[in-house]
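Here is a briefing to read beside the sequence and the model. It starts with a term, then moves from the whole protein to single residues.

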Amino acid sequence: MVVKCNSMGLFGMDSYIVEVEADVSGGIPAFDIVGLPDTAVRESRDRVRAAMKNCGFGFPITRITVNLAPADIRKEGPLYDLPILIAMLKATDQLSADISRCAFIGELSLSGEVRSLNGVLPMVIKAKEAGFESVFVPFANGGEGAVVDGIDVYPVKDVRELINHLKGIDIIDKAVAGNEEIIFSYMPDFSEVKGQYEAKRALEIAAAGGHNVLLIGPPGAGKSMLAKRMPSILPDMTFEEMIETSKIHSVAGILPEGGSLVRTRPFRSPHHTVSPVGLSGGGTIPRPGEVSLAHEGVLFLDELPEFSRQALEVLRQPIEDSVVTVSRVHATVSYPCSVMLIAAMNPCPCGYYNHPARKCSCNQKSIHRYLSKVSGPLLDRIDIHIEVPPVEYDELSGKVQDGEPSEVIKARVNEAREIQRKRFESTDITCNARITSAYLHKVCVMSSDAEDVLKKAFEKLNLSARAYDRVLKVARTIADLDKSETIEAPHILEAVQYRALDKKYWDTE
């Protein structure tokens, strides 16, 4: 007798329907799983056998064949344990419920408990799109799956509970999505940063337009402190951004236990020893890297020149295209990575090149070698370059009034993002930093004075075509903060100012 049970598979961030077929027939006792299963799937035989016996069900001593269709896609992981068990119970007449409009996902323990899995959110989304009425997921993943409207999500603790539900004996309560936001015990605030008004202004512009930033200055000037306070002024996430970010975190298995959606923008700060694969994603079984885990948030690279050249060059295409493609022999997977890149670095190996008070101990050759670790193409992709000078004593001692709190800055950022949302509502563009070439001159309308200023700056600084585009995008954000429809000369002047440091440092021989 052949029976069918529905499940889901995972390929990158996408899911697909897997039909689990079970055939119980006479012959020499055997239990075979076919359909390109990996080791974890083949081991389901032992977990399912033990779970059935320990939950009080009979296990047939006969020939059993389980097929996972489509057979041409490799099946990975233990998520097929639960549907295989359900198919076995149906095939041996120990379960008679109609499961044609249901999907089952879950790993089993030997005692029959259902364990949590990665990637439940994209699988539930696909189950809804496929027209299933209900999906049964591990209890720990219930809140995650319940985010999806239009499908009943049942959180299952163990096999007995599930079978009682299917028989109508004891109905499982549907999962409910948690709407609580992660509360941080302490959120660093910009009001705690002494001085550094120019740097704080640059970071406000970056947050308002989603621009990449390079902070360069001596040790102890506050580069890392400024970067770590960026989450406090980033704009609120839209529901679509929450869903897409949560899908990545679900696939990576880093959603908080019992959590449903990522409601605050990610802030990822990998150590400089991170490998290129750790940064971009990959592995034998492709998984998201740091640049994708920071999707819709911030990727902070502290001590930028200390990262390997190979790791840094990996970032060139993803931060430009907002997507990273991982190609392996068995699969090619793409992950979104729309991130704000914030990088911090010293100007030389000792850190005191161009310091107003301390003498630099490096020679020009070592300075040039150190700065050359950051390639021109990568530098060109960073919209805003800002120098972070040492803080004066009066500012540190509190004799100068504290700066604005983060909530005040965030309010201005949200207003600027709302302007951009309305501007781009009929497109796929989410912020000024993502303006495409086709829309650049439509939305970046300049006054005649602004055009003259930009022309002179382009010729004097010898800007590249990419740098020209990025100056325009930053100027558009500055104009949005000023609530100006037209880009004026002061907006261009400020935007050009954020492109001058590469000439100050990288042109030095």
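Buried means under 20% relative accessible area. Ala-343 has 0% relative accessibility, so Ala-343 counts as buried. The model is predicted. With that cut-off in hand, here is the overview.

**Overall build**
- The protein contains 22 helices and 18 strands.
- Its C-alpha trace spans about 85 × 45 × 45 Å along the principal axes.
- There are 509 residues in the protein, and 54% of them count as buried.
- Consider the contacts with a separation of 6 or more: 73% of them come from residues 24 or more positions apart.

**Surface and charge**
- The accessible surface of the protein is about 22,400 Å².
- Carbon and sulfur atoms hold 49% of that surface.
- The protein carries 58 positive side chains and 69 negative ones.
- The centres of these two sets lie 4 Å apart.

- Rolling a probe the size of a water molecule over the atoms shows where empty space is left.
- The largest pocket holds about 960 Å³ of space.
- Its lining is made of 39 residues, and those closest to its centre are Ser-338, Asp-428, Ile-429, Thr-430 and Arg-434.
- Which elements give two or more residues to the lining of the largest pocket? They are helix 9 (239–252), helix 13 (316–321), helix 17 (406–423), helix 18 (437–443) and helix 20 (465–481).

**Cavities**
- The whole structure has 3 cavities of 30 Å³ or more.
- The largest cavity contains about 140 Å³ of space.
- The largest cavity has 14 lining residues.
- Nearest the centre of that cavity are Gly-210, Arg-265, Glu-296, Met-340 and Arg-417.

**Ala-343 in its setting**
- Ala-343 sits in strand 17, which covers residues 340–345.
- Which residues is Ala-343 in contact with, leaving aside neighbours within four places in sequence? They are Val-213, Leu-214, Leu-215, Leu-301 and Leu-304.
- Tyr-439 is 96 residues from Ala-343 in sequence. In space, the two are 28 Å apart, C-alpha to C-alpha.

**Backbone points to check**
- Most residues other than glycine have a negative phi, and most peptide bonds are trans.
- The peptide bond from Ala-69 to Pro-70 is cis, and its omega is near 5 degrees.
- Pro-70 is in the loop that joins strand 4 (63–69) and helix 3 (81–91).
- Ser-322 is not a glycine, yet its phi is positive, at about 65 degrees.
- The loop between helix 13 and strand 15 (323–327) holds Ser-322.
- Is Ser-322 buried or exposed? Its relative accessibility is 17%, so Ser-322 counts as buried.
- Asn-354 also is not a glycine and has a positive phi of about 65 degrees.
- Asn-354 lies in the loop between strand 17 and helix 14 (364–371).
- At 40% relative accessibility, Asn-354 counts as partly exposed.

How values were computed:
Residues are numbered from 1 along each chain as its sequence is written. This is a predicted model: local features need pLDDT of at least 70, side-chain atom pairs count only at pLDDT 80 or more; totals for chains, interfaces and linings use all residues. Side-chain values use heavy atoms; hydrogens and water are left out. Helices (H or I, at least four residues) and strands (E, at least two) are DSSP runs, numbered from the N terminus. Buried means under 20% relative accessible area, exposed over 50%, partly exposed in between (1.4 Å probe, protein chains only). Contact means heavy atoms within 4.5 Å. Accessible areas come from the Shrake-Rupley method with a 1.4 Å probe; for residues, only the protein chains shown count as cover. Lys and Arg count as positive and Asp and Glu as negative; His and the chain ends are not counted. The place of a charge is taken as NZ of Lys, CZ of Arg, CG of Asp or CD of Glu. On a 1 Å grid over the protein atoms alone, a cavity is a set of points where a 1.4 Å probe fits but cannot get out, and a pocket is an open set with protein on both sides within 12 Å along at least five of seven lines; lining residues have an atom within 4 Å of a point. Grid points are joined across faces, edges and corners, and a volume is the space filled by probe spheres set on the points.
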